[in-house]
Amino acid sequence: MEREKNVLEDDLDQIAECLKALAHPARIRILEELRRGRKCVNELSERIGMAQANLSQHLGLLKNTGWVKRKKEAVYVYYSLSDEGISTALAKICEVIQRFK
């Protein structure tokens with residue numbers, strides 16, 4: 001049990017940084033769009049209604065904190081969730097938060 005506690009303590013800063021990335025409605029919206037599959041920046045911009053420059057900043061932060069990954073194909077850059085478990089985790093977070101009301 002002591003070992004598990006130390007691992008968690010060692011990871012607290014990273015966990016906090018990852019969760020901070022979710023502290024903006026636009027980033028949550030981006031993740032919700034990506035739950036439906038990978039999308040290029042242009043498609044995300046149109047679906048979310050956000051300027052590409054602003055969207056790119058949000059995507060950069062989500063990528064740097066591990067939430068999304070990017071793949072360049074020809075002239076397009078596609079973003080997707082970096083792990084299948086993210087979709088489940090987002091759904092669970094939303095479910096729990098709905099109970100706060």
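Residues are numbered from 1 along each chain as its sequence is written, and side-chain values use heavy atoms, with hydrogens and water left out. Because the model is predicted, local features need pLDDT of at least 70 and side-chain atom pairs count only at pLDDT 80 or more, whereas totals for chains, interfaces and linings use all residues.

Helices (H or I, at least four residues) and strands (E, at least two) are DSSP runs, numbered from the N terminus. Three strands form an open sheet in the order β1-β3-β2, with antiparallel pairing; two strands pair if DSSP finds at least two bridges between them. β1 and β2 (68–73) stand at the edges with a single partner strand each, so one side of each has no neighbour in the sheet. In general, strands of a sheet pair through backbone hydrogen bonds, either parallel or antiparallel. The antiparallel strands β2 and β3 are joined by six bridges, and K71 has Y78 in β3 as its bridge partner. Helix α2 packs on the sheet and touches β1, β2 and β3, where contact means heavy atoms within 4.5 Å. The direction of α2 makes about 90 degrees with that of β3 (axes are lines fitted to C-alpha atoms, for helices over the stretch in contact, and angles run from 0 to 180 degrees between N-to-C directions).

In helix α3 (residues 41–48), the buried residues are V41, L44, S45 and I48. Buried means under 20% relative accessible area, exposed over 50%, and partly exposed in between (1.4 Å probe, protein chains only). These four residues lie on the same side of α3, because they cover an arc of only 100 degrees around the axis; the arc is that of the directions from the helix axis to the C-beta atoms. Their cover includes α2 (25–34), β1 (39–40), α4 (52–64) and β3 (76–81). Just after α3, G49 has a positive phi of about 75 degrees.

Helix α4 contains Q57, which is exposed because its relative accessible area is 60%.

The structure holds one aromatic pair. Y76 and Y78 form this pair, which is tilted, with 6.3 Å centre to centre and 50 degrees between the planes. Rings of Phe, Tyr and Trp (its six-membered ring) pair if their centres lie within 6.5 Å; planes under 30 degrees apart count as stacked, over 60 as edge-to-face and the rest as tilted. Y76 counts as partly exposed because its relative accessibility is 46%. The ring of Y78 also has the charged end of R38 over it, 4.0 Å from its centre (NZ of Lys or CZ of Arg within 6 Å of the ring centre and within 35 degrees of the ring normal).
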